[in-house]
Amino acid sequence: MNRHAGQIAVLDFEPANEEFCEQVIAGLSQHPRTLPCKFFYDETGSTFFSKICELPEYYITRTEMRILRERGGEIANAVGRGIELIGLGTGAGTKTRILLDNLEAPVAYVPVDISREQLTQSAIAFRKRFPALDVLPVCADYLQPFDLPPRSRVANRTVVYFPGSTIGNLEPEDATDFLKKIADMVGSSRATLSPNRRLYEPARRGATMARQSLALPDNSLCPSPGALLMGVDLKKSKAILERAYNDNAGVTAQFNLNLLARANRELDSDFDLRSWRHRAIYNEKAGRIEMHLVSLRQQTVNIADAAFSFAPGEYIITEFSYKYSPSEMIALAGAVGLRFEKIWTDEQKLFGLFLFTL
Ligand code: AVI
C-alpha cells in the first residue's frame with residue numbers, strides 16, 4: 001500500500017500491531033525471557049535513540065559520522081558514480097546525508113526504515129537537499145520481505161548502506177542470513193527497473209523471474225557488481241563498552257524502559273515502570289553487550305489474556321549488541337560470498353566502515 005504524507009509517497013510494509021502483541025507474548029514465554037529490540041523504535045523510542053546518539057559516552061554514531069566526513073571522498077571513489085543507494089535503517093538520515101554529499105551523481109536513494117514519522121521527515125528533507133535524486137522511502141522492517149519501489153532511471157550499481165552497527169543487534173547466525181539476503185539483493189540488481197520486485201524471497205529465483213518477465217538479457221542494467229557499505233562497532237575494552245550503554249544521564253535506561261511503556265500504550269498490558277531497572281553488561285565471552293530489564297520485586301504482568309510472573313532479580317533480555325574484530329566481520333561476510341574491499345576506521349579503532357562487493 002502507498003500512503004502519501006505531504007508530497008512524499010511512502011511504500012508501506014509497517015508491521016501490524018498484532019505482530020507486536022504476538023512477539024511480546026512469545027518472547028516473555030521463553031526462558032530466559034526476551035523482548036525483540038526492533039520494537040524499541042516507535043516515535044518515543046526513536047526520539048530517545050536520537051538522544052543516545054548525542055551522548056558523550058555513546059561514541060558509535062559520532063565516530064561513524066567522523067569517518068564519513070573525513071574519508072567521504074575516498075568512500076565515494078570506492079563505491080563509484082551514478083549509483084542507487086539503498087539505506088537500511090537509516091533513521092533520521094544524518095549519516096546518509098554526509099555520504100550523499102560526497103557521492104558523484106547518485107541516481108536514487110531508497111531509505112528503508114521501520115519508523116514512519118522519521119522516514120517521512122527525512123525523505124522530505126532529502127528531496128529538498130538533493131533535487132536531482134529520486135528519493136523513494138519504504139516503511140518496513142527490513143529484516144522481513146519487502147518490495148523495492150519502481151525506479152525510473154538506470155543506476156551503474158546498487159549499493160546497500162547499512163549504518164550504525166545495527167548488524168550487531170542480530171545473533172551471528174541471523175547476521176549471516178541477513179548478509180546473504182543483502183548479497184542476493186545487490187547481486188540481482190541488474191533487474192533494477194523491475195517494479196515491485198519482492199526482496200528476500202528466494203532472491204536468486206526472484207532475480208531470475210524479474211529478468212524473465214522483463215526479458216532482460218544479463219548485463220543489460222547495472223553493469224557493476226553490487227556492494228555493501230556497512231558500519232560496524234569494533235571490539236574494545238569492557239569499560240568503554242559498558243559506559244556507552246549505561247550513560248550518566250539515564251537516556252539508555254529510558255530507551256530500554258520505553259519498550260514496556262510502549263506495550264502499555266499499544267497492548268492491553270500493565271507493566272509498572274517503577275518496578276523495573278535498566279542494566280547493560282558486556283559479555284566478553286560472547287562478544288556482546290546485553291541489555292536487560294530487571295524486575296525489582298515479585299510481580300505479575302498482564303498482557304491481553306496472558307499473565308507473567310517475575311521473581312525479584314529476574315530479567316528480560318531486550319537487546320544484544322555484538323561487537324566484531326575486523327577479521328571476524330570479514331569472515332562472516334566472506335561466508336556468504338561478500339568480498340572484502342576496504343575498511344575505514346578512526347585512529348582509536350573504535351568503529352569500522354566496511355566495503356564489500358560481490
Ligand atoms: C541500533 N543499535 C546499533 C544500537 C546499539 O548500539 O546496539 C542500539 C542501542 N541500544 C542501546 N543503545 C543503543
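Trainee: What makes the pairing of the D233 and K323 side chains a polar contact?

Mentor: Their side chains are joined at 2.8 Å. A polar contact is a pair of N or O atoms within 3.5 Å; within protein, one must be able to donate a hydrogen and the other to accept it, and residues adjacent in sequence count only if both atoms are side-chain atoms. The value of 2.8 Å therefore meets the distance limit. Please note that this is a predicted model, in which local features need pLDDT of at least 70 and side-chain atom pairs pLDDT 80 or more, while totals for chains, interfaces and linings use all residues. Residues are numbered from 1 along each chain as its sequence is written, and side-chain values use heavy atoms, without hydrogens and water.

Trainee: Why is D233 called buried?

Mentor: D233 has 0% relative accessibility. Buried means under 20% relative accessible area, exposed over 50%, and partly exposed in between (1.4 Å probe, protein chains only), so D233 counts as buried. The residue sits in strand β9 (residues 227-233); strands (E, at least two residues) and helices (H or I, at least four) are DSSP runs, numbered from the N terminus.

Trainee: Which residues does D233 touch beyond those up to four places away in sequence?

Mentor: Among them are Y59, S165, Y245 and F351, where contact means heavy atoms within 4.5 Å. D233 and S165 are 68 residues apart in sequence, yet 5.5 Å apart in space, C-alpha to C-alpha.

Trainee: Is S165 buried or exposed?

Mentor: S165 is buried, because its relative accessible area is 3%. It lies in the loop between β8 (157-162) and α6 (172-187), and its phi is near 65°, a positive value in a residue other than glycine. Most residues other than glycine have a negative phi, and most peptide bonds are trans.

Trainee: What is found at A105?

Mentor: A105 also has a positive phi, of about 45°, although it is not a glycine. It belongs to the loop between α4 (94-102) and β5 (108-113). With a relative accessible area of 41%, A105 is called partly exposed.

Trainee: How many residues surround the ligand?

Mentor: There are 15, and the closest are Y58, N169, Y245, E319 and S321; a residue counts as near if one of its heavy atoms lies within 4 Å. By class, the shell has eight nonpolar, six polar and one charged residues.

Trainee: What is the largest nonpolar core?

Mentor: It has 67 residues, and L28, L85 and W276 have the most contacts inside it. Such a core is a set of buried Ala, Val, Leu, Ile, Met, Phe, Trp, Tyr and Cys residues joined through side-chain atoms within 4.5 Å. Helix α3 (residues 59-79) contributes the largest share, eight residues.

How values were computed:
Ala, Val, Leu, Ile, Met, Phe, Trp, Tyr, Cys and Pro count as nonpolar, Asp, Glu, Lys and Arg as charged, and the others, Gly among them, as polar.
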